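Welcome, and thanks for taking a look at this one with me. Please keep the structure open beside these notes as you read.

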Amino acid sequence: MKYKAIICDLDGTLLNEHHTISEETKETIKKVVDSGVKFIIATGRHHNDAMTFKNMLGLDSFLITSNGAKVHDYNNKEIISHNIPASLAKELLNYKYNENLHKNVYLDEEWIAETPLEEALVFHKESGFHHVIAPFQSLVGKDITKFFFICDNEEHISELEQKLRKKFHEGLNITLSLGSCLEVMREGVSKASAIEEVLKEEGIDLKDTIAFGDGLNDLEMLSSVGKGFIMGNGSPRLKALLPENEVIKTNAENGVAKKLQELFL
């Protein structure tokens, strides 16, 4: 079957262990796109960050960011925005968090953190996108695109996940991108929901698409497309939830490029 579109996550998927796109992957994607197949990035990253990789690949396509909360068109114009409304965001901003958690939010154009986290900036060396330091209290009254919390102690992240699910049993979508990162968006927001809207614009049916991902924030996407591939380095929880999905090579092995070569070239 000749698929018409490819949807691909960035971190842990398209990006290698050095948080960039390998030459093999760039060359493979160019050949596939030149054959008439759409290649769409769908990431948890901020759009100002993800644009670096879209430009690196020379893509002429929509860009899905903040786990589906934002979609930008071919000309980088925002066409979809699903922020957490200020009334609900206020509760999250005022919540008493474990002091070991690194707290972050994406606003429409900015990444705000309460304290610096140099380790996180390693992921953004290609784009140079970085956080602005400000207290959460200064954000009360604003709509928030996405909250995310980082901690090396996965028990703390798991504990926060359980507590937030219990307290906010409606109004929010709570998911893990990595074992160390918990992400919170507006209810109904996911990569899958954004993909459906984008594919309508493109006139492409979901069954005619494939997708690549590695984290729990890719779950809906990988289970809704024609064929969803899980990276070899992907979340064990994701693999357990999608036992029928094919597991491919890791991001360090250029797994996306290898599979695209097999399917299209």
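Predicted model: local features only at pLDDT ≥ 70, side-chain atom pairs only at ≥ 80, totals over all residues.

1. Let's begin with phenylalanine 136. You will find this residue in the loop between strand S8 (132-133) and strand S9 (146-150). Is phenylalanine 136 buried or exposed? Its relative accessible area is 1%, and buried means under 20%, so phenylalanine 136 is buried.

2. Which residues surround phenylalanine 136, leaving aside its neighbours within four places in sequence? Phenylalanine 136 is in contact with Leu93, Lys103, Asn104, Val105, Glu114 and Phe147. Leu93 will come up again in helix H4 (residues 86-94), where it is one of the buried residues.

3. Next, have a look at aspartate 218. This residue sits in the loop between strand S12 (209-213) and helix H8 (219-224). Aspartate 218 counts as buried because its relative accessibility is 0%. With neighbours within four places in sequence left aside, the contacts of aspartate 218 are Asp9, Lys191 and Gly213.

4. Now for helix H4 (residues 86-94). Its buried residues include Ala86, Leu88, Ala89, Leu92 and Leu93. Why do they lie on the same side of H4? They cover an arc of only 155° around the axis, so they share one side of H4.

5. What do the buried residues of H4 pack against? Their partners are S9, helix H6 (154-167), strand S10 (172-178) and strand S11 (181-186).

6. Helix H1 (10-14) and helix H10 (255-264) are the elements that give two or more residues to its lining. H10 provides the largest share, 3 residues.

7. Which residues line the largest cavity? They are Thr13, Leu14, Leu15, Asn16, Thr25, Asn251, Asn254, Gly255, Val256 and Ala257. By class, the lining has 4 nonpolar and 6 polar residues, with no charged residues.

Terms used:
Residues numbered from 1 in each chain as written. Heavy atoms only, no water. Helix = DSSP H or I, 4+ residues; strand = E, 2+ residues; numbered from the N terminus. Buried < 20%, exposed > 50% of the residue type's maximum accessible area, 1.4 Å probe, protein only. Contact = heavy atoms within 4.5 Å. Arc of directions from axis to C-beta. 1 Å grid on protein atoms, 1.4 Å probe; cavity = no way out; pocket = protein on both sides within 12 Å on 5 of 7 lines; lining within 4 Å. Nonpolar A, V, L, I, M, F, W, Y, C, P; charged D, E, K, R; others polar.
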